[in-house]
Amino acid sequence: MTCEVGGGWRCAGVRWPREAPELEWSRGGRRRVSVLAYGAGLGFRAVGERHCVGARGNVCPSGAVVPGRSTGGRCAECARLDRAHSVAADTMADDPRTYRVYLAWFGPGMVKVGITGEERGAARLREQGAVVFSWLGRGPLMAARRTEEVLRAALGVPDRIPYAKKRAVRGRLPGAEERAGAVAELYASAAALEGRGWPESLERLPLEVVDQVGIFGLDRAPEAEAASASASVSVSASASAPVRAVRELVDGGVVAGRLVAAAGPDLHLVVAGGGVVVLDTRLITGWDLTAESGSGVRVPLIDIGGGGVQGGLF
């Protein structure tokens, strides 16, 4: 499966409306999606310059060029407009929708508390790459926000975890029992705070641990791509753990391989030579892309967790 590109369509990144990742494409005000499947090929070539993706479904009025390493993909003005209308900006106090407070685990020592609209279900958790999570409560926006702030202060958990840290541990996750236990422990600590700054209008929900390792494909040991198209060998999960990630796209740069896993905005691709490379799809928004077959990476790469940069020719 190659990217559905051409004809002026630009990739708008990965979305998780259901339990399978989708690439979203935009052209003007039009949208379409490509559902991704583990084991299928995915490849593209970047062309020209990267342009601002706009804000809130609107095209950037200046068509600004943005840096290749920007995960936001927006110019300063569009980034400001997008942030101003987000839930995180606390500008929608009269929002009538119901929100949920969640507890999320991304790896050993990496937990956070957050909120999401109830109508979105677990989409927000998949978008963030949460390996395990549980709902904690539900209620009006400001009650959910207040609970979030109380838990952060009392439990010492952050409001966000950088994707680089999530990637660094994704290839060596502990077993399912230990993962579930970490979330259950966090839930117990949070529930113990009920009545101590916890808004009365927030209904506490029972502990229900949801493990998303299978949804993300992180429980599958991908086959390494062999030098010959007729041969392949199996590798262990530890041997297939990604060690490099795409740092940025460049004009003429190619990313092509076989999709074996995905978490949040990250796609894990087996490429020529048998390595697994992570592509953060936030880096491909705003680029004109053309379909590319085969397997290989010809863009700058960075070592996951190490910070070292190497050439992108695999």
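Which residue lies over the face of tyrosine 163? In this predicted model, the residue in that position is lysine 166, at 4.0 Å from the ring centre.

A pair of aromatic rings is described by the distance of the centres and the angle of the planes. For tryptophan 16 and phenylalanine 216, the centres are 5.4 Å apart and the planes stand at 75 degrees, an edge-to-face arrangement. Because tryptophan 16 lies in the loop between strand S1 (10–15) and strand S2 (22–27), while phenylalanine 216 belongs to helix H6 (residues 213–216), the pair ties together parts that are 200 residues apart in sequence. Both tryptophan 16 and phenylalanine 216 are buried. Phenylalanine 133 and tryptophan 135 likewise form an edge-to-face pair, with 5.4 Å from centre to centre and 75 degrees between the planes, and both phenylalanine 133 and tryptophan 135 are buried.

Another tryptophan, at position 198, is found in the loop between helix H5 (176–191) and strand S8 (203–204), and with a relative accessible area of 8% it is buried. Setting aside residues up to four places away in sequence, tryptophan 198 touches Leu136, Thr147, Ala190, Ala191, Leu193 and Arg204. The side chain of tryptophan 198 reaches the backbone oxygen of leucine 202 at 3.3 Å. From C-alpha to C-alpha, tryptophan 198 and alanine 143 are 8.2 Å apart in space, although 55 residues separate them in sequence.

In soluble globular proteins, nonpolar side chains tend to be buried together. Here the largest nonpolar core has 56 residues, of which Val246, Leu249 and Leu289 touch the most other members. Valine 246 touches Val255, Val277, Val278, Leu279, Leu283, Val299, Pro300 and Leu301, again not counting residues up to four places away in sequence. Apart from this core lies another, of 12 residues, which includes Tyr102, Met110, Phe133 and Ile161.

The cysteines were examined for disulfides, and the count comes to 0. The sulfur of cysteine 60 has its closest cysteine sulfur in cysteine 52, and because the distance is 3.7 Å, the two are too far apart for a bond, the cut-off being 2.5 Å. Likewise, the cysteine sulfur closest to that of cysteine 75 is in cysteine 78, and this distance of 3.7 Å is too far for a bond. Cysteine 60 is buried, with a relative accessible area of 6%, and cysteine 75 is buried as well, at 14%.

Terms used: Residues are numbered from 1 along each chain as its sequence is written. This is a predicted model: local features need pLDDT of at least 70, side-chain atom pairs count only at pLDDT 80 or more; totals for chains, interfaces and linings use all residues. Side-chain values use heavy atoms; hydrogens and water are left out. Buried means under 20% relative accessible area, exposed over 50%, partly exposed in between (1.4 Å probe, protein chains only). Helices (H or I, at least four residues) and strands (E, at least two) are DSSP runs, numbered from the N terminus. Contact means heavy atoms within 4.5 Å. A polar contact is a pair of N or O atoms within 3.5 Å; within protein, one must be able to donate a hydrogen and the other to accept it, and residues adjacent in sequence count only if both atoms are side-chain atoms. A nonpolar core is a set of buried Ala, Val, Leu, Ile, Met, Phe, Trp, Tyr and Cys residues joined through side-chain atoms within 4.5 Å. Rings of Phe, Tyr and Trp (its six-membered ring) pair if their centres lie within 6.5 Å; planes under 30 degrees apart count as stacked, over 60 as edge-to-face and the rest as tilted. A charge sits over a ring if NZ of Lys or CZ of Arg is within 6 Å of the ring centre and within 35 degrees of the ring normal.
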